[in-house]
Amino acid sequence: MHDTSTESTAKPSRRTVLAAGAGVTAALTVGTDARAADALGHRKLRALISRMTLEEKVGQLFVSRVHGHSATDPDQADRDANLREFGVGTAAELIAKYRLGGVIYFVWAHNTRDPRQIAGLSNGIQRASLDLPRGLPLLISTDQEHGIVCRVGKPATLFPGAMAVGAGGSRTDARTLGRIAGKELRAMGIRQDYSPVADVNVNPANPVIGVRSFGADPAAVSRLVAAEVDGYQHSRVAATAKHFPGHGDTEVDSHYGFPTIRHTREQWETLDAPPFRAAIEAGIDSIMTAHILVPALDDSGDPATLSRPILTGILREELGYDGVVVTDALDMAGVRQKYGDDRVPVLALKAGVDQLLNPPKLDVAWNAVLKAVQDGELTEERLEESVLRVLRLKAKLGLLDEPYVRPSGTDRAVGNGANLAAADRIAERTTTLLVNEGGLLPLSPGSHGRVLVLGADLASPSGTTGPPTGVLGAALGELGFTTTVMSTGTAPSAAVIDRAVAAAGAADAVVVGTYNVSATSSQKVLVERLLATGLPVVAVAERNPYDVAHLPGVRAYLAAYSWTDVELRAAARVIAGAARPRGKLPVPVQRADDPAKVLYPIGHGLTY
C-alpha cells in the first residue's frame with residue numbers, strides 16, 4: 001500500500017528546519033559582495049558541523065540504496081530485503097541508524113514507480129531525517145543519464161542518450177535536456193543526478209561506456225558536457241561529471257573487473273582531461289570517480305577511486321576543483337579486488353573523496369570509517385572537510401531552506417506536453433543515416449505499404465518503455481504503413497530466422513533493429529537471409545553504430561544509438577520521410593575486416 005498521502009504532505013517537524021543554517025542558501029548564492037556572502041555561509045555551515053557528533057559526521061559521507069516505494073511503509077518483500085541487508089526494515093530506520101547524508105534511487109529497489117510516489121518517498125526520507133536530533137536533509141540522487149541508463153521512467157520525459165545528443169551536435173539541445181530533466185527530477189525530490197558522462201569513447205569495444213558517451217572527439221564532448229551541466233544546474237539539480245579520470249578507452253567493465261587505461265600522461269591530457277576541465281569551468285557540482293587503473297597517473301596499482309595522486313594531486317590541485325567528489329558504486333568489482341570492503345571507504349577518504357556511494361555492506365563501511373577516526377588513521381578534521389563540501393552543496397541546492405517537494409506540482413512539472421515535444425524534437429536531430437544506396441529511403445506507404453518489423457527487443461532501461469519492435473511498428477503504423485512485428489532476439493536461432501524469412505514473404509519491406517552485431521552474431525545471419533529474399537531491408541542500429549560495418553549488404557542503415565521509445569520514434573519518422581535525417585556520427589566506424597581503416601569518419605551522415 002502506498003502511504004504517499006502522509007509523506008507527500010510532510011512539513012518540517014520543527015519551526016526552523018535548520019536554525020543555524022537558515023539563510024545559508026542565500027548567503028551562498030546572492031549578495032553584492034560575493035566574498036562576504038560566501039564567508040557568512042561558510043561560518044553558518046561550520047556552526048552546523050560543530051554541533052554534530054562524530055557518528056553524524058561519518059553518516060553525512062554515505063549515500064546508500066534502500067528498498068521500497070515508501071520511507072515508512074514499504075511492501076513486505078522490500079522490508080525483508082532491508083532487514084537482510086541493513087538489519088532494519090525501512091528507509092526511515094536506516095537513516096536513523098546511520099545518519100545518512102544521501103540515498104540513491106534504483107528501479108530494482110522499487111524506489112521509482114511513478115512521479116507522485118517518488119515525490120512522496122523523497123518527502124518521507126527528508127521527514128525521517130529532519131525528525132532526528134540535529135537532523136539534516138538528505139541529498140537524494142539517481143543515475144538518470146537518459147538513453148540506455150534511466151532510473152525514472154514514463155510518464156517522466158525520457159530524452160535521447162549522450163551519443164545520440166553527440167550526433168545532433170547541438171549545445172542548445174544538450175542544455176535543454178539538462179534544464180528539463182533537472183526540473184523534473186527536482187519536482188520529485190531528486191537533487192543530484194549522476195550525469196553527464198564525460199568519458200571520451202575512443203574504443204569501439206568499450207563494454208560499459210559506449211553510447212553513454214557523447215562521442216570520440218574530446219572538443220565536441222567537452223562542449224556538450226558543459227552545456228548539459230549548465231542546464232541541470234540552472235534547474236538547481238547537481239550535475240555529476242563521470243567517470244574521472246576517464247573511462248572511455250577500456251575493454252573491461254568495471255562492474256565486473258578491474259580495467260586498465262594505457263594512455264600516457266600526454267594522451268590523458270589530450271583525450272580524457274578536456275571534458276572534465278570543461279565541466280569544472282562550467283561550475284560542476286560533483287564529479288564521480290572511476291574504478292580504473294591508470295599507471296601513467298598513479299603507478300601504485302590502486303584504482304583511481306582510491307588514488308590520492310589522482311583525486312587530490314590532479315583533480316583538486318592541478319585542475320583546481322573544490323566541489324564534491326563521489327565514488328562510483330562501491331559494490332562494483334573494480335574497487336574491491338585489491339582491498340577488503342572495510343578498507344575501501346577509508347582509503348577513498350584518504351584519497352580525497354567526499355561521498356561514499358552504495359557500499360556493499362553499509363555496516364562494515366560505516367564502522368570502518370568510524371574506527372579509522374577513533375584510531376587516528378583519519379582525523380576528524382579530514383571528515384569535516386568533506387562534510388563541509390556536502391553541506392555546502394545541499395545549501396546551494398536549497399535543501400537547507402526547503403527540503404520538501406509539492407506532489408501537486410509534480411503532476412504539472414513531470415512529463416508535460418511541452419517537455420515531451422522537446423524530447424521528440426531533439427531526437428529528430430540525432431538520427432543518423434549511414435547508408436542509403438539507390439535512395440531506398442524514405443519508404444512510402446504507396447510503394448512499400450506492408451512492413452515487417454524485426455529486432456532484438458532488449459529490456460527497457462527504465463522498465464517503462466518498449467518493446468522496441470512494437471514501438472517501431474506502432475510509429476510506422478501511425479505514418480500510414482501496415483506493420484507486422486516479430487521479436488527475434490539478440491541471438492536468433494535457426495528456427496527463428498526461418499520464421500522471420502517466411503514472414504517476410506507477405507511484406508513489401510523489412511525494418512530490422514540490430515544490437516551490437518559481431519562477426520559471429522546470428523543477427524548477421526538473420527539480416528543476410530532477409531537480404532537474399534530480394535526485399536528492401538532497412539536496418540536500425542539500436543545501440544552501437546558500429547553494427548553497420550558487419551552488414552555491408554544492407555542498402556539503408558540508420559543509427560538510433562538506443563532502443564528507447566523517443567529514439568525509435570524518431571527513426572521511424574526518418575524511415576517514412578516525415579523527418580529528414582540530420583545526425584552526424586560522433587564516433588568513427590572502423591572496417592570490420594580491417595579495424596585500422598575507417599569506414600565512416602566522425603561527421604559522416606547522409607540526408608534527403
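1. Serine 286 sits in strand S6. The model is a predicted one, and the points below describe what it shows at selected sites. Serine 286 has a relative accessible area of 0%, so it counts as buried.

2. The side chain of serine 286 has polar partners. It makes a polar contact of 3.2 Å with the side chain of glutamine 192. A polar atom of the serine 286 side chain also lies 3.0 Å from the backbone oxygen of alanine 239. Leaving out residues up to four places away in sequence, serine 286 touches Gln192, Ala239, Thr240, Ala241, Tyr321 and Val324.

3. The relative accessibility of glutamate 184 is 2%, and the cut-off for buried is under 20%, so the residue falls in the buried class. The side chain of glutamate 184 reaches the backbone nitrogen of glycine 415 at 2.9 Å.

4. Which residues is glutamate 184 in contact with, leaving aside neighbours within four places in sequence? They are Ala156, Thr157, Ala413, Val414, Gly415, Asn416 and Asn419. Valine 353, by comparison, is 169 residues from glutamate 184 in sequence, and their C-alpha atoms are 28 Å apart.

5. On hydrophobic packing, the general expectation is that nonpolar side chains in soluble globular proteins tend to be buried together. In this model the largest nonpolar core has 107 residues, and those with the most contacts inside it are Phe62, Leu100, Ile125, Phe244, Ile284, Val369 and Leu383. Helix H14 (residues 362-374) supplies the largest share of this core, with 8 residues. Another core, of 43 residues, lies apart from it and includes Val501, Val512, Leu530 and Tyr600.

6. Isoleucine 284 is one of the residues with the most contacts inside the largest core. With neighbours within four places in sequence left aside, isoleucine 284 is in contact with Val229, Gln233, Ala239, Thr240, Ala241, Ala279 and Tyr321. Among the residues touched by serine 286 are likewise Ala239, Thr240, Ala241 and Tyr321.

7. Helix H12 spans residues 308-318, and its buried residues are Ile310, Leu311, Thr312, Gly313, Ile314, Leu315 and Arg316. What do the buried residues of H12 pack against? Their partners are strands S5 (238-244), S6 (286-289) and S7 (324-326), together with helices H11 (265-281), H13 (344-351) and H15 (380-396).

8. Both ends of H12 have a local feature to record. Just after H12, glycine 320 adopts a positive phi of about 75°.

9. The count of salt bridges comes to 34. One of them pairs glutamate 384 with arginine 46, with the closest N and O atoms 3.9 Å apart. The salt-bridge limit is 4 Å. This pair links distant parts of the chain, since glutamate 384 is in helix H15 and arginine 46 is in helix H3 (residues 34-50), 338 residues apart. Glutamate 384 is classed as buried because its relative accessible area is 18%, whereas arginine 46, at 33%, is partly exposed.

10. Arginine 113 and aspartate 75 form another salt bridge, with the closest N and O atoms 2.5 Å apart. Arginine 113 lies in the loop between strand S2 (102-104) and helix H7 (115-130), and aspartate 75 lies in the loop between strand S1 (62-64) and helix H5 (76-86); they are 38 residues apart. Arginine 113 is partly exposed at 32% relative accessibility, and aspartate 75 is partly exposed with a relative accessible area of 26%.

11. A salt bridge also joins arginine 343 and glutamate 377, where the closest N and O atoms are 2.8 Å apart. Arginine 343 is in the loop between S7 and H13, glutamate 377 is in the loop between H14 and H15, and 34 residues separate them. Arginine 343 has a relative accessible area of 29% and is therefore partly exposed; glutamate 377, at 32% relative accessibility, is partly exposed.

Technical notes:
Residues are numbered from 1 along each chain as its sequence is written. This is a predicted model: local features need pLDDT of at least 70, side-chain atom pairs count only at pLDDT 80 or more; totals for chains, interfaces and linings use all residues. Side-chain values use heavy atoms; hydrogens and water are left out. Buried means under 20% relative accessible area, exposed over 50%, partly exposed in between (1.4 Å probe, protein chains only). Contact means heavy atoms within 4.5 Å. A polar contact is a pair of N or O atoms within 3.5 Å; within protein, one must be able to donate a hydrogen and the other to accept it, and residues adjacent in sequence count only if both atoms are side-chain atoms. A nonpolar core is a set of buried Ala, Val, Leu, Ile, Met, Phe, Trp, Tyr and Cys residues joined through side-chain atoms within 4.5 Å. Helices (H or I, at least four residues) and strands (E, at least two) are DSSP runs, numbered from the N terminus. A salt bridge is a side-chain nitrogen of Lys or Arg within 4 Å of a carboxyl oxygen of Asp or Glu.
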